[in-house]
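Take a look at the protein below.

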Amino acid sequence: MNKSLLSLCCLVIVLCSAGAEAQDFVQGLEPIGSVSSFTKADASVTFNCEDGSQVRVSILAPDLIRVRASFRKSLPARDHSWAIAKESWDAVRWNLRETPAGFVITTDELEMVISRKPLLIEFRDAKTHHVINADERPMMFDARGVNTGMMFDPKAGTFVACAKKLGFDEHFYGLGEKAAHLDKRRGYFVNWNSDTPAYTEGKDPIYQTIPFYIGLQHDVAYGIFFDNSYRSYFDFGRSSQAYASFGAEGGEMNYYFFYGPSMKKILGRYTELTGRMPLPPMWALGNQQSRWGYYPDTMAEEVVRQYRERDLPLDVLHLDIDYMQGYRVFTWNRERFPNPKELTDKLRQQGVKVITIVDPGVKYQPPASDAKVEDATEKPELAPQDKSYYVFNQGLKNNYFQKRQSGQLFIPKVWPGESAFVDFTLPDARRWWGDLHRAYLDNGVAGIWNDMNEPSDFVDQTGGNQRDVVSYDEGENSTHAKNRNVFALLMARATYEGLERLAPDKRPYVITRAAYAGIQRYSTMWTGDTTSTWDTLALSIPVFQTLGLSGETFVGSDVGGFIGRGNGELLTRAYQVSFLAPFCRNHKVIDGYDQEPWRFGKYYEGIIRKYLKLRYRLLPFLYTVLEEAHRTGVPLFRPLVLNYQTDENTVNLDDEFMVGDDLLVAPILQPNQTSRMVYLPEGVWYDFHGGKKFTGGTMIRIDAPLEVVPLFIRGGAIIPEGPEMNYVGEKPFDPVTFYIHPDDQGKASTTLYEDDGTSPNYRRGVYRRTRVEVATADKGLDITVSPAEGSYQPSARKFLFVTPFEGTARTVTLDGKPLGAGGVGGQSVGYHSGKGAVGIAIEDDGRAHKIVVRQ
Ligand code: GLC
């Protein structure tokens with residue numbers, strides 16, 4: 001390779017891997033004018049400025065305030081966002097006070113100080129009056145076009161920005177899917193949904209836009225959601241040591257301020273505002289296998305056969321783009337899949353559900369001149385489409401496709417070649433798209449995988465070819481600059497709502513690559529086209545954690561990596577992360593090495609089997625934590641800082657993670673490593689493998705040969721486990737074993753959550769919560785089971801309690817009556833004592849019980 005070619009290659013590599021270059025976008029912007037008057041309404045105050053600008057402060061909750069500003073004009077009456085789930089809020093107590101310098105708005109939790117001249121906003125704690133977050137300068141806009149250098153479409157809007165004082169000890173979390181560390185301090189980020197295969201750390205932007213972050217300083221957390229779908233920028237102290245700033249290339253300055261002080265509380269409110277994840281079917285927590293692509297049908301069957309023969313658990317098989325006729329969405333290739341329903345039935349009998357990929361590009365295909373029938377068949381998805389393609393015909397006829405400003409159909413290029421994109425801002429188009437999924441459900445498909453929805457266009461991945469594409473946008477007829485980042489959200493919404501309509505008795509299951517804030521209402525997600533490298537494996541931890549801190553709980557990445565050549569060690573270590581991630585799916589690019597769990601030999605396969613089996617045993621625990629995420633917005637896969645916010649050792653810890661409150665995982669993220677340092681927060685911890693007890697608040701070194709992922713249980717936790725199984729529903733959870741791990745006071749507790757796992761009835765109270773509490777007593781311990789809450793009835797089964805116990809248990813009573821020895825391991829009721837532990841088996845009849853164990 002000659003020298004100039006080499007330097008060109010280097011330049012290309014730098015350009016491809018580096019994130020956007022930081023630009024201090026607040027420079028040269030005009031500040032908003034000073035306040036000249038104000039008007040007060042029921043839950044808001046509108047400030048009128050000397051320059052004609054307006055700022056509206058809305059009090060939505062004691063810890064949630066919205067700030068909306070327009071520059072040199074009045075606020076428009078139209079106020080619409082695709083992200084917001086909750087628009088009307090109950091009235092709260094608040095108060096407005098005028099002071100010589102400005103105004104003070106108080107709620108029970110917040111004090112908002114607004115100075116008149118210049119117009120500066122400061123948020124304080126209502127009780128301590130400590131400043132939580134403050135403007136460094138007034139809100140700004142681009143009056144002279146100085147920022148047009150970075151504008152995607154200068155005609156579409158004016159740059160708006162905000163700069164907040166940057167604290168010396170301030171840490172930043174969130175922004176959804178970013179190829180970056182957990183703590184975003186000193187980082188600079190752009191939001192512009194982009195198809196970025198083989199991205200590595202530092203690449204920015206990638207697929208998703210979640211313009212929400214959490215700031216943490218001196219144990220106190222706040223959140224800011226800048227709800228603006230234009231290309232947006234976040235600078236957490238990269239350009240300046242004085243401020244953290246955010247801005248967008250159009251739209252309004254429109255942000256929501258959340259006060260904690262706990263991060264969990266902020267996540268609760270953020271997901272109240274933008275919606276929470278509905279519970280997916282429980283089988284979505286099962287192991288999933290994919291490949292670009294499995295075809296024909298016999299190949300799909302063979303993969304499942306291999307899984308079953310090798311005694312590897314599997315719940316889902318994914319069909320990538322090759323199942324279609326020439327990449328035409330909502331069709332089946334009859335040569336490769338002669339009878340899709342028969343195939344899905346056969347796989348379902350083995351416990352395996354099928355998911356199909358659905359891309360947004362509809363093949364551009366005007367009917368051939370000799371096309372005979374106009375899409376006459378009842379099941380067009382199974383009929384040949386080479387002369388006339390029903391989806392294209394319907395979309396065109398009904399005007400559902402995106403057009404350019406000139407009125408011409410917009411024709412991007414994706415897998416099918418020339419294509420059309422649906423204008424998902426049109427309610428009728430969303431409904432039509434949703435209903436098209438009959439083509440899958442009728443053929444036994446159980447879930448939908450949305451890909452390429454940035455939307456990716458091979459003509460120009462930056463969106464340049466889409467600049468003048470217009471979307472209906474609730475009558476605003478706005479352009480790509482505003483709509484790009486919400487395209488995937490609306491496609492996922494159309495899909496979710498379609499599945500809900502077509503199969504109302506089942507929970508929809510959708511997976512997406514691109515997103516905007518609020519996506520969690522409609523879809524789970526995976527992190528796109530990763531590489532099969534150790535760096536990418538290490539990056540997956542902060543990426544999953546950050547997604548969780550941005551409202552998205554059901555996350556995961558292609559286990560083993562998508563692009564490039566992996567090996568057995570990497571795949572095994574990757575499973576040791578993903579077996580505890582909500583979405584656990586092995587997937588690989590078309591020309592990559594085969595990567596199913598057995599492809600690198602029996603040694604690795606054996607270890608992977610062990611962890612997949614453990615995942616299934618842990619299902620009662622994982623499902624309980626998932627339901628907590630659904631109910632509270634606090635994610636399953638967590639950074640330690642979320643559970644231990646006041647522990648400064650955790651602020652940038654992202655090579656360990658927690659599952660819920662109770663499991664701490666310290667995976668190995670490098671090759672040839674057989675031990676590592678682990679930070680355990682204050683308290684008692686138990687090694688999952690063997691039970692050794694540790695005292696936290698320190699680093700420990702732990703052995704981790706390839707067979708072992710360091711895994712710790714928090715003292716005070718009870719981990720509910722079920723039997724080993726090869727797919728969800730193969731066996732009932734009988735017995736449910738409660739593994740008790742007392743804290744240093746001898747106490748432990750849990751609340752097991754269960755429901756039918758497939759229907760939406762859990763929304764109507766058809767679930768069951770079982771609370772178990774353990775306390776030490778003199779020479780023994782007491783276990784209290786509270787009466788089950790909710791109307792879900794599992795089939796008859798046993799509860800088994802396993803607890804460490806010094807000495808021998810001589811008397812064990814259940815509700816005052818002596819229990820006999822035996823029971824454990826078999827199906828009878830009773831107890832067994834020995835080797836430092838006691839096991840007690842009882843019938844689960846949903847009633848309150850008290851078990852007393854004494855030496
Ligand atoms: C995209 C997806 C990948 C899929 C491929 C073919 O690259 O991210 O998962 O296999 O398209 O559909």
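Tyr255 sits in strand β20, which covers residues 253-259. The model is predicted. In this model Tyr255 has a relative accessible area of 0%, so it counts as buried.

**Around Tyr255**

- Tyr255 has contacts that reach well beyond its own stretch of sequence: leaving out residues up to four places away, it touches Ile65, Arg66, Val67, Ile121, Phe123, Asp135, Cys162, Lys164, Ile224, Phe225, Phe226 and Phe246.
- One of these partners is Phe225. Tyr255 and Phe225 are 30 residues apart in sequence, yet their C-alpha atoms are 5.4 Å apart in space.

**Around Gly566**

- Where is Gly566 placed? Gly566 is in the loop between β34 (558-559) and α11 (568-578).
- Is Gly566 buried or exposed? Its relative accessibility is 7%, and buried means under 20%, so Gly566 counts as buried.
- Gly566 touches Ser532, Lys588, Tyr593 and Phe600, with residues up to four places away in sequence left out.
- Ser532 and Gly566 are separated by 34 residues in sequence. From C-alpha to C-alpha, they are 5.1 Å apart.

**Aromatic pairs**

- How many aromatic pairs does a search of the whole structure find? The search finds 64.
- Phe424 and Trp433 form an edge-to-face pair. Here the centres are 5.3 Å apart, with 85 degrees between the planes.
- Phe424 is buried at a relative accessible area of 2%. Trp433 is buried too, at 0% relative accessibility.

**Cis peptide bonds**

- The bond from Asp204 to Pro205 is cis, and its omega is near -5 degrees. Pro205 belongs to the loop between β14 (188-191) and β15 (208-209).
- Tyr295 and Pro296 are also joined by a cis peptide bond, with omega about 0 degrees. Pro296 is found in the loop between β21 (288-289) and α3 (297-309).

**Positive phi angles**

- Asn477 is not a glycine, but its phi is positive, at about 45 degrees. The loop between β29 (469-471) and β30 (478-479) holds Asn477.
- Lys835 is another residue other than glycine with a positive phi, here near 50 degrees. Lys835 lies in the loop between β52 (830-834) and β53 (837-843).
- Lys835 has 89% relative accessibility. Exposed means over 50%, so Lys835 counts as exposed.

**The whole chain**

- The protein chain has 14 helices and 54 strands.
- Of its 855 residues, 61% count as buried.
- What radius of gyration does the protein chain have? The value is 28 Å. A compact globule with 855 residues would have a radius near 29 Å, so the two agree.
- The C-alpha trace spans about 85 × 80 × 60 Å along its principal axes.
- Take the contacts with a separation of 6 or more: 69% of them are between residues 24 or more positions apart. The pair Tyr255 and Phe225, 30 residues apart in sequence, shows what such a separation looks like.
- The accessible surface of the protein chain comes to about 31300 Å². Carbon and sulfur atoms account for 50% of this surface.
- The chain carries 96 positive and 107 negative charges. The mean positions of these two sets are 1 Å apart.

Note on methods
Residues are numbered from 1 along each chain as its sequence is written. This is a predicted model: local features need pLDDT of at least 70, side-chain atom pairs count only at pLDDT 80 or more; totals for chains, interfaces and linings use all residues. Side-chain values use heavy atoms; hydrogens and water are left out. Helices (H or I, at least four residues) and strands (E, at least two) are DSSP runs, numbered from the N terminus. The radius of gyration is taken over C-alpha atoms; the globule rule is 2.2 Å times the number of residues to the power 0.38. Buried means under 20% relative accessible area, exposed over 50%, partly exposed in between (1.4 Å probe, protein chains only). Contact means heavy atoms within 4.5 Å. Accessible areas come from the Shrake-Rupley method with a 1.4 Å probe; for residues, only the protein chains shown count as cover. Lys and Arg count as positive and Asp and Glu as negative; His and the chain ends are not counted. The place of a charge is taken as NZ of Lys, CZ of Arg, CG of Asp or CD of Glu. Rings of Phe, Tyr and Trp (its six-membered ring) pair if their centres lie within 6.5 Å; planes under 30 degrees apart count as stacked, over 60 as edge-to-face and the rest as tilted.
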